[in-house]
Each structure stands twice: as structure tokens, then as C-alpha cells.
Amino acid sequence: MTEPSTAEPTGPSGPSGPSGAQAPLGVFDKELLDRCISCGFCLPACPTYALTGEETSSPRGRITLMRALESGELAPDDPTSAEESSFCLGCRACETVCPAGVEYGQLLEQWRDHQWRGPARPWIARALMALVSRPGLLRLQGLVRRHARGGAAPAARPAGSGAAPRPAGSAAGTVSLMLGCVERGLYPEVSRAARQLCPEAGVPARQGCCGALHAHNGDSATGAELAHELGERLPGTILTTAGGCAAHLAHHLGRDRVRELSEYLDEQGHRPVGEVTVNGRRARAALQDSCHLRNGLGVTRPPRELIAAVADYVELPGAGTCCGAAGTYAMLRPEDSAKVLAPKLDEVEEADVDYVVTVNPGCLRQVRQGLRRRGSRAEAIHLAEFLALATRLP
Ligand code: SF4
Ligand code: SF4
């Protein structure tokens, strides 16, 4: 384990309101806040602390701010609290190294519920939340959705792929492919590829948003409500190609109800067939982990093994660190997002890979855009498409 920081946590400088101490806020789950023992093990894992070196931009510093807000020591509109709740990527890397079991992701949702309530919520987040919450607006994406659902006839499971035992935890033995708000609009080809890989999965027609967008942008109540609504619409095991959606749904519906694509294929004993080639040689491919899949659900091995089955797998030193997409973060804080992404793009070039495989549509957009802006020869691709690409080769 990394050595903890010896620096003392910097507390709030005192009440920032003119009237002195405020009443307790009642925003945070006190038991969750009390778990933090201020050991500092989380500091080296935090990408924003790496950028600034400032305690307030670390998980421990942010929990200190939350505690001061909750106790009333800090004014509810304290600017440092507002800035740090926004600057945090919500990547949850801090959770994986915390010896005290601090559920930082839950604390961040509660923090943003307070900071981004009503008009304080960034307009981009408000617009996106409105888009995915209104069935009428979502129906505008109907053509795209139909393309994703039916554009390709379900392919026969390729010879050599595993049998298809039903996943544990699925009482009815039913598997429902979730199309996802971002994916159905921007990357319908990912859903098509997943459909080809998992022809046993049904694709229910009426699908809403899973609510992760709301939960991460200051409306955790709606985030929970949407997760439960989707859970009722999609029977059996919910299969998703988005690590972020998987973690959010698993939190609200239970781990047994949800499978991300790579873990599902792994459980099914799926053995990818074919090979991805570039200029007649086996392709070199790296993985960009999805933060919430890795840090929230602990899924790391399956996507690596699937890639390695059809290409030469290359582990990037920072594969597990955030790419800076972080939901709406890349749109709300493009400069910080680019700073987080930059070292990853350096690693991709140094590793001289042909592909960077992602397991979340937000990461796909972020890495693809970054590679194109740099003029890199490497291409970003979703795991579903990558595996489908391998099977199409002779
Ligand atoms: S969040 Fe966990 S790792 Fe970080 S200071 Fe608190 S107890 Fe330590
Ligand atoms: S969620 Fe990520 S960016 Fe935020 S405090 Fe934790 S490690 Fe740092």
C-alpha cells in the first residue's frame, strides 16, 4: 500500500458567513462522514490532488470540507466547498485504497445534492438531465434506437464461443440489454455489437435513463427513482455496456440484477473468436478502465482477458486512472478534464498501441477525441465493437 501523506489535513479557515457559526446542514450521512480517520492513504490515488498538490483537492481535504459544512462551521455557500465539489471527478479511486471503508461516491452525491440544487446546477447538466428524463425527447432518438435494436439481425453465436448458461441471480433466466442514454444517441453501433455477442439478450423497447446522470449531478433522489423504474422495465439480469450505469444500477437494484458486458461474457464462459489485425499483423491493444466498473464494482480482469484473446494486450501504466470524462465533467470543466487525460495520451503513444479499448461510452468519447486531437494513430473503440471486429475477420 502507498505510504500515507504525513501532511496534516487542512481544516476550514473558520465560518465564512458574516453571522458566524451556521446551523447543522443535515445533508450528509453522518455515519459515512465519521468513518474517515484522516489517514491520508487516499491522497496518492487522487487525480485532482496529483494536479494541484493541495489538500483541499484531495479526498481527505474534501471530507474535511464536508464535515465543516455539516457541522455549520462552514457557510452553506462557501466558495471553496462549491469549487471542490465540482473539481472532484467522482472517480472513486480513493475508495479502493481507504482502510476505513469510506464510501466517498455516496458522500459526493450528497455533497452535490447540496451544492448543485436548483439553479446552482450547471446549465449543461440541467439540459442533459431534462433530455434523458423526457420520454418525448428521447423518442426523437427513435430512429437511432431502432437501428441499435434491430439494425443487425442477431448473429449466431460464433463457433468456438462458450455455451450460454444463465447468470446467477436471474430468477427468470432472462437477460435484458440496456441501451443507455448516451449510447443510443451517440454510439448505437456499440449496442449492435453487444447484441451480436449476446443474442440471447432481449432488448425491451421502452427504456428510460438509469439515473446515473442525475445522481452524479446533484439530484440523487431522481437518480434512485429512475434506477428503480428501469429495473421494472428490464426483466431479469440487466446487461449494460456502460461501466458507470452498471455501478449506479447495482447500488440501487442489487449486484445480482446487473452485469457489465465483459463480466457477463466472462461468466458465460464466452471465448472470443478471431483476431483483430492491423496491416496483416496481430493488433496491439490497451484497455482504459471504467472508473466506476473498476473502483465501484471491482471488475478488472474480464475486459483484459477478452482483449488478450483477440489481440496483443498492452497494459498502460495508468489504465486504471480516470480519463477525465467523468460523466458531465469533460463538458463542465474541459480544461481540467484535458489535464487529467494528457498523461494517458502520452502513455498510449509511448506504448505504440493500435487500439485503446474502453468499457464505457463516456470514456470512449473522451479518449477518441483526445487521440484525434493529437493526431495519434491509435484508435479508441468500445470492447463490444472490438470483439465483434475480431469475429468478422477470416
Ligand atoms: S478517506 Fe479513507 S484513506 Fe482517505 S483519509 Fe479518510 S480514512 Fe484515510
Ligand atoms: S473521487 Fe476521484 S477525484 Fe474525487 S476525491 Fe476521490 S480520487 Fe479524488
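Where in H19 does a kink of about 30° lie? It sits at Leu-341, shortly before the proline Pro-343; the bend at a residue here is the angle between axes fitted to the seven residues ending there and the seven starting there. The model is predicted, with local features needing pLDDT of at least 70, side-chain atom pairs counting only at pLDDT 80 or more, and totals for chains, interfaces and linings using all residues. Residues are numbered from 1 along each chain as its sequence is written, while chains are lettered from A and ligands numbered from 1 in the order in which they are written.

Helix H19 itself (residues 334-351) has 18 residues and spans 25 Å from first C-alpha to last, close to the 26 Å expected at 1.5 Å a residue (1.5 Å times one less than the number of residues). Helices (H or I, at least four residues) and strands (E, at least two) are DSSP runs, numbered from the N terminus. Asp-336, Ser-337, Val-340, Leu-341, Lys-344 and Val-348 of H19 are buried. In these terms, buried calls for 20 or more other C-beta atoms within 10 Å of a residue's own, exposed for 12 or fewer, and partly exposed for anything in between, with C-beta atoms placed from the backbone. The buried residues of H19 pack against several elements, including H2, H4 and strand E6 (284-288); contact takes C-beta atoms, placed from the backbone, within 7 Å. Just after H19, Asp-352 takes a positive phi of about 55°.

On to H4 (residues 79-87), where the buried residues are Ser-81, Glu-84 and Ser-85. Seen down the axis of H4, these fall within an arc of 100°, so they line one face of the helix; the arc is that of the directions from the helix axis to the C-beta atoms. They pack against H3 (59-71) and H6 (104-115).

Then there are the ligands. Ligand 1 is surrounded by 14 residues, the closest being Cys-36, Cys-39, Cys-42, Arg-60 and Cys-98; a residue is near if its C-beta atom, placed from the backbone, lies within 6 Å. H3 gives the most to this shell, with three residues. Around ligand 2 there are also 14 residues, with Cys-46, Pro-59, Cys-88, Cys-91 and Cys-94 the closest. H2 (47-52), H3 and H5 (93-97) each supply at least two residues of the ligand 2 shell.

Glu-95 belongs to helix H5 and is partly exposed, with 18 other C-beta atoms within 10 Å. Glu-95 and Gly-105 are 10 residues apart in sequence and 7.9 Å apart in space, C-alpha to C-alpha.

Conventions: Contact = placed C-beta atoms within 7 Å.
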